[in-house]
Each structure stands twice: as C-alpha cells, then as structure tokens.
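Subject: Structure for your review

Dear colleague,

Please find below the structure that I am handing over to you.

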Amino acid sequence: MNHAMQVELGQELLSALDGRRTALADDLFRNPVSDYVSADQVKLERERFFRTGPLVMGLSCDLPAPGSYMTNDFAGPPILIVRNAEGGVNGFLNVCRHRGTRVAEGCGVSKDRFTCPYHAWSYDLDGRLASIAERRSFGDIDLADYGLTRLPAAEKDGLIWVRPSAGPAIDPDAQLCGLGPELGSYGLGSYTHYETRVLRQPLNWKLVIDTFLEVYHVPVLHRNTIAPLLHGTAAAFRGNGPNLRMAVPRKTIGDLRTTPEPDWNVLRHTAVVYVLFPNVVLIWQGDHVETWRVYPAGDGANESLMHVSLYAPEEPATEKARRYWDKNMDLLMRTVQDEDFPLAAGMQRAFGSGAQDHVTFGRNEPALAHYHRAIRTELGLMGG
Ligand code: FES
Ligand SMILES: [Fe+2]
C-alpha cells in the first residue's frame, strides 16, 4: 500500500474511532441458510470456482528458485506448480503420461527433473517428457506427445494463480479488479514461507471465510486473545469487484496522532484482511502475512479443507526470531481454531435445525454482505 493510500486509510480509521463509527453497508443483507448447507450449491461452487477457477494457489515466495515446486489436490484435480529455469511459473496436472502415477508429492526443489516413482519416466521443469526407461519397448512414440498436461498459470503482484482445468489464459488484473498494485506493494515475492498447516473442519468452506469478515465479534469472542490488540468497533471496507479489503485498527494506532503525516507507517498499526475471490483470505498482520486457502471437502456442503500459511519478511536468522513467528502462529491458531471454529461448527449444525431460513448481516458487517453477494452473483443465484 503506497504512502498516500496509507495516510488516507489512517485518517479514515482515526476519524472512525473518534466518531465511534465503522464502515457501513447500505442495507441489511439476508443470506439464505442454504448457502451453507445446499448440496446443489456446493456442486455448482465446485464446478464454477474450484474446477474451472482460476484460484490463487500460493505466493511468489512459495516458489523461491528455479525447480521449486508445490502440489495441491484440494481444488479437485491433482495439481503441480513449478518454477522453471527462466523463473516463470508452470501449472500441470500431476499425472504421469505413462499410466497415471503422481510425479511429485508435497513441495520442495527439483534440480531439473520430475521422475515418476513407478517406472521412472522423467519430465523437465517445463513438463516435457525428457526420458522413458526401456525406451525401445515403446516403439516410435513421440516424446513431444507425452508431456505433462498443462494448466493455465500466471504470476503477478506476488500471487500465483492456476486454473485447475484446461481453459483460457489467466488475467490476474481482471481477477483482482484494481487490487493488484496494492497487493504488489507488499513485495510478497521477497517474503519467506515460514509454515503451512492443513486443517480439516466440519464447516462449509464459506463459513471459514466469514470468520475473517467482521470485527463485531472480536471484543466478545476473542476478549482473551486478540481483543487486547485490535479495536473491535471500527473497520474500513472497500470492494474491488468480487474481492475486498477490510482494514482494522490496532490498539497502537493512536501513536499516529503524535507522528507527522509524512512519517506515518499506517500498516504497522492495522490488520488488513483481503479476500482474493473466491476462496483465499490474505491478512497483513502489521509485520507479516498470513493466508487461508479454503476448499470444500467431503461429499456435501458441510466440510472444508484449508492451507493456513504464515510468511515472514525475511528468513528467521536466530532462535529468537523463530520463537517470535512460532508465537504468532500459536496466537493465530488459538484465536481461529480454538475460538472461531468451535462456534462456527455449532452454527453449521444449527443450520439444519429449521430455526431460520436466513442469517442476517448487519450494516456494520459490510464485508460479509459484499462477499456473499459476490458468491451469489457469480453463481447466478442473486434474487433466487
Ligand atoms: S506410471 Fe509413471 S512411469 Fe509408469
Ligand atoms: Fe474471529
């Protein structure tokens, strides 16, 4: 976020705190309970969002060097994402063209080849079939016809995008609707991936995202964890197409009042939550970045899988630095996994009780309304 934008945001947040105001939606938003439980809707979501994409599948720093790779099975198809020798990002189906074995697992660095663990066919970083063991048994097949199946992939503003199935090239600018330069200004390419955890929860995938989209609950549910750090009464909100940004002042934001504006570092005093539509929450945490990449799981609408990642501005050089990031990860887990998710699991079960056919987002919860309006619009369900 450039300095002019930071100053604008700082002024907005200070004046909201002074006037005991927060960003407001124009109206209440009534979100149908079916949004969280409908098997038909989740089928549509799997097809429209998770099969067709595109999706943000990582930050540039997840693939720091030529040969760096990561795999992802949560969208549905098995996906392999690789940084090639020229520094570009390739997406492939992680499926050997001999008989279908996965050619890579987890993440890591491959020198220049992915060798299938079954019969050792090997592929280069651009997915070309480089060699076949016992070559003569395969007659005159042309290696060029047996490369890994390519998926559209793109990298811009520190984000890595992949479309989980064949389709048009990805245009990150069109996806981000103007949010790209702001995200780019964080310099996410030079961050370092510190830790990723995989969580499975008995929650609709959008209910996981909802957890991050209002501060109304912070002074109540999180009174013993993050409430001492964040103001729970004021937030700034802006939508960028289906994406959004919600900024929350830290308790330290008052320091700005005694700092000359040209010296303001507003980001130090805020938590900034971005939704990279449809399934990624990226949070600027004052001195580091977290991401939540969330996917539907199981057979119906009531389960989700997610990657929770913490990224630090630089490689921790000392034990003390490691302890600091561990503490941040612990606070995150205590807040979300121990406080938000048990409550949300109760909500998910209660959605089936017939108590109500919709939930109500107040005007003080504009990000929730924006997100669910965007979901319903994309799925053609608005007004339905
Ligand atoms: S399945 Fe990969 S080499 Fe046989
Ligand atoms: Fe929360």
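Strand β2 and strand β12, which covers residues 159-162, pair in the antiparallel sense over four bridges. In this pairing, V56 stands opposite W161 of β12. Please keep in mind that the model is a predicted one.

These two strands belong to an open sheet of three strands, in the order β2-β12-β11, with antiparallel pairing. The edges of this sheet are formed by β2 (55-59) and β11 (153-156), each of which pairs on one side only. Neighbouring strands here are turned against each other by 30° on average, if direction is ignored.

There is also an open sheet of seven strands, again with antiparallel pairing, and its order is β13-β19-β18-β17-β16-β15-β14. Its edge strands are β13 and β14 (236-240). From one strand to the next, the twist averages 15°. Within this sheet, β16 (residues 270-276) and β17 (residues 280-284) run antiparallel and are joined by five bridges. One residue pair to look up is L276 with its bridge partner V280 in β17.

Helix α8 (residues 319-350) lies across β13, β18 and β19, and runs at about 20° to β13.

I now turn to the domains. The domain assignment gives domain 1 as 3-54 + 177-378 and domain 2 as 58-169. The C-alpha centres of the two domains lie 32 Å apart. Domain 1 brings 26 residues to the contact, and domain 2 brings 17 residues.

How much area is buried between domain 1 and domain 2? The value is about 1800 Å², and carbon and sulfur atoms give 65% of it. On the side of domain 1, R51, P54 and L188 lose the most area to domain 2, together 28% of what that side buries.

As for interactions across this interface, the count is four residue pairs in polar contact, while zero salt bridges are found. The elements of domain 1 that give two or more residues to the side touching domain 2 are α3 (39-51), α5 (180-184), β13 (192-201), β18 (289-296) and β19 (304-312). Of these, β18 gives the most, with five residues.

Yours sincerely,
A colleague

Note on methods
Residues are numbered from 1 along each chain as its sequence is written. Chains are lettered from A and ligands numbered from 1 in the order in which they are written. This is a predicted model: local features need pLDDT of at least 70, side-chain atom pairs count only at pLDDT 80 or more; totals for chains, interfaces and linings use all residues. Side-chain values use heavy atoms; hydrogens and water are left out. Two strands pair if DSSP finds at least two bridges between them. Axes are lines fitted to C-alpha atoms, for helices over the stretch in contact, and angles run from 0 to 180 degrees between N-to-C directions. Domain bounds come from an automatic or database domain assignment. Contact means heavy atoms within 4.5 Å. Buried area is the accessible area (1.4 Å probe) that two parts lose on being put together, summed over both. A salt bridge is a side-chain nitrogen of Lys or Arg within 4 Å of a carboxyl oxygen of Asp or Glu. A polar contact is a pair of N or O atoms within 3.5 Å; within protein, one must be able to donate a hydrogen and the other to accept it, and residues adjacent in sequence count only if both atoms are side-chain atoms.
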